[in-house]
Amino acid sequence: MEDLDVRSALTAYVTEGEPPIGLDGDTILARGRRSRRTRLLVASASVLVVLLALGAAVIALPRQGEIAGPACPSASAGETREQIVDRLSCVVGNAVRSMLPPGAKVERLTIPGETPPADPFHLVADAVGDTPREAVFHMGVRVTDERGSGSVYFTALLGDGGFAMARCGTGVPDQVSCEVEQLKEGGLRKVTESANGVLTYRASLVAPGANIEFSANNSGVLVQKGVRVPVQRPEPALNAAQVRGLALTPGLG
């Protein structure tokens, strides 16, 4: 590398029509080293720019398994029930998809004869009162990946009335464990259930104006009262921590 720099220095002197007067060995080597350092600095700076650009790109990308969803509307006064359904469906869909592994297939769980909606996360609203918020909003989806099929369910009861505090009962059938956290969002009850090999993680948030619940199990068959569903994967579609995180998703009130 230094030999090339020396030749460059000599060539410059010769082509300029000047004899190499005063161009001693130390001067030539020093000039060669300076040229080499300059190139190394330029190269290093170029690499740094590339690395910074790549770093920025990595930071901007979603984490593994995260799927960027559409921006969801915010809650507003005077929402119709249909607008609440659309808003919550968007929030729930984005939240659940962000927890799933890449390539996971999502299908709506339906009763016989029911046509699934185009969006598997589109909620059903069962009215319990006259105002738009007085309804039970719910849905269930089947999640299939390389581990098998499981399900994720969402239920929300909205309204301005009071809700009972989150607490753990005793002697509850199929309940393996229950724990309550008191958070700024409200009381969060976390339950693990096991029945006929089907394992379920459930998280319920009792907050002002809303009672939110997510659950996940290891069967891709719709859960119905009195019907035994098959085990279709070793563990639920989402783990307990993920289900807890879903229950605390902002924008579900």
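**Rings, a helix and a histidine**

Analyst: Searching the whole structure turns up 1 aromatic pair (Phe, Tyr or Trp rings, the six-membered one for Trp, with centres within 6.5 Å). This is a predicted model, so local features need pLDDT of at least 70 and side-chain atom pairs count only at pLDDT 80 or more, while totals for chains, interfaces and linings use all residues. Residues are numbered from 1 along each chain as its sequence is written, and side-chain values use heavy atoms, with hydrogens and water left out.

User: Which residues form the aromatic pair, and what are the distance and angle?

Analyst: Phe-154 and Phe-214, at 4.9 Å centre to centre with 50 degrees between the planes, so the pair is tilted (under 30 degrees would be stacked, over 60 edge-to-face). The two are 60 residues apart, with Phe-154 in strand β4 (residues 148–158) and Phe-214 in strand β8 (residues 210–217). Strands here are DSSP runs of E, at least two residues, and helices are runs of H or I, at least four, numbered from the N terminus.

User: Are those two Phe residues buried or exposed?

Analyst: Phe-154 and Phe-214 are both buried, meaning under 20% relative accessible area; exposed is over 50% and partly exposed lies in between (1.4 Å probe, protein chains only).

User: OK, switching to His-138. What is it in contact with?

Analyst: Beyond its neighbours within four places in sequence, His-138 is in contact with Arg-108, Leu-123, Val-124, Asp-126, Phe-154 and Thr-155 (contact is heavy atoms within 4.5 Å). Its side chain also makes a polar contact with the Asp-126 side chain at 2.8 Å. That term is for N or O atoms within 3.5 Å, where within protein one must be able to donate a hydrogen and the other to accept it, and residues adjacent in sequence count only if both atoms are side-chain atoms.

User: And where is His-138 found?

Analyst: In strand β3 (residues 135–145). His-138 counts as partly exposed because its relative accessibility is 24%.

User: What do the buried residues of α3 pack against?

Analyst: β2 (124–127), β3, β4, β8 and α4 (240–247). The buried residues of α3 include Ile-84, Leu-88 and Val-92. The C-alpha atoms of Leu-88 and His-138 are 9.7 Å apart.

User: Last one: how many helices and strands in the protein chain?

Analyst: 4 helices and 8 strands, in the order α-α-α-β-β-β-β-β-β-β-β-α along the sequence. Of the 253 residues, 32% are buried.
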